[in-house]
Amino acid sequence: MEFTANALLAVGVRPLMSAAPNEMHDIARVADALLINIGTLNDELIRAAICAGEQMQALGKPVVLDPVGIQVSAYREQAVRDIIAHCAPCVIKGNVAEMAVVKTMVAPSKACVFVTTGETDLITDGARQECLHGGSVLQTRVTAMGCVAGALIAAYAAQERDAFEASVRAMTLMNRAGKEAEGDYGLGSYRMHFIDCLSHYA
């Protein structure tokens, strides 16, 4: 959460992380976009996610879903099915293994953009497709890089009416910052320089 929050602050976004169902109605009123990340999944988070997602959908605000580890357990898969059914995310972002499961649930469309991350990032809404190259292999060795990608997509989706274009902008920034942050130092410093590069190129 700390890394994702700092990444959002670096691009001029004010983040708020919460998993409390009782405050989701209030948060939805003031939030510009919602990222549902199921990395640390439990029953309360599922309730909070669905509550927030339903409120955001009713208000016409974007919902982005990061189905972390959906392929690992039936519990996660069912949670994602429920979130998709109730929250109608405009973007679903995951790695190749995660998106392979998601594709059995819903097809990409103008209403739901698929972002598949990897050595080449594939972004599609069923009609349009963009393949993005770049980034750094070091991004695969720093935890929460995927979380940052989802958060940036949500941030850009708050600005762009077009979820496909928002996803392309966000992933282009991820790749550029990831590549520019490379240097002759360790992973801890790489993490720090990545945040620096986000602020430079946002």
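**Thr124**

I started with what Thr124 touches, taking contact to mean heavy atoms within 4.5 Å. Leaving aside its neighbours within four places in sequence, Thr124 is in contact with Pro108, Val113, Phe114, Gln129 and Phe164. I keep in mind that this is a predicted model, where local features need pLDDT of at least 70, side-chain atom pairs count only at pLDDT 80 or more, and totals for chains, interfaces and linings use all residues. Residues are numbered from 1 along each chain as its sequence is written, and side-chain values use heavy atoms, with hydrogens and water left out.

Next I looked up where Thr124 sits: it belongs to strand β5 (residues 120–124). Helices (H or I, at least four residues) and strands (E, at least two) are DSSP runs here, numbered from the N terminus. Is Thr124 buried or exposed? Thr124 counts as buried, because its relative accessibility is 13%. The cut-offs are under 20% relative accessible area for buried, over 50% for exposed, and partly exposed in between (1.4 Å probe, protein chains only). I also noted that the side chain of Thr124 reaches the backbone oxygen of Arg128 at 2.9 Å.

**Helix pairs**

I turned to α3 (residues 43–58) and α4, which pack at an angle of about 20° with their axes 8 Å apart. For these numbers, axes are lines fitted to C-alpha atoms, for helices over the stretch in contact, and angles run from 0 to 180 degrees between N-to-C directions. So α3 and α4 are roughly parallel to each other. Angles under 35 degrees count as roughly parallel, over 145 as roughly antiparallel, 65 to 115 as roughly perpendicular and the rest as oblique. From α3, the residues making the contact include Asp43, Ile46 and Ala49, and from α4 they include Tyr75, Ala79 and Asp82.

Then I checked α1 (residues 2–10) against α8 (residues 187–201): their packing angle is about 25°, and their axes are 8 Å apart. That angle is why α1 and α8 also go down as roughly parallel to each other. On the α1 side I listed Glu2, Phe3, Asn6, Ala7 and Ala10, which meet Arg191, Phe194, Ile195, Leu198 and Ser199 in α8.

**Cysteines**

How many disulfides are there? I count a disulfide when a pair of cysteine sulfur atoms is within 2.5 Å, and by this rule the count comes to zero. Cys51 is in no disulfide, and the nearest cysteine sulfur, that of Cys87, is 9.2 Å away. Cys51 is buried, with a relative accessible area of 15%. For Cys112, the closest cysteine sulfur is in Cys90 at 7.7 Å, so the two are too far apart for a bond. Cys112 is buried too, at a relative accessible area of 7%.

**Some alanines**

I found Ala88 in the loop between α4 (74–87) and β3 (91–95). At 41% relative accessibility, Ala88 counts as partly exposed. Ala144, not a glycine either, has a positive phi of about 80°, and it lies in the loop between β6 (129–133) and α6 (145–159).

My last stop was Ala74, in helix α4. Ala74 is exposed, because its relative accessible area is 63%. Ala74 and Ala100 are 26 residues apart along the chain, and their C-alpha atoms are separated by 15 Å.

Technical notes. A polar contact is a pair of N or O atoms within 3.5 Å; within protein, one must be able to donate a hydrogen and the other to accept it, and residues adjacent in sequence count only if both atoms are side-chain atoms.
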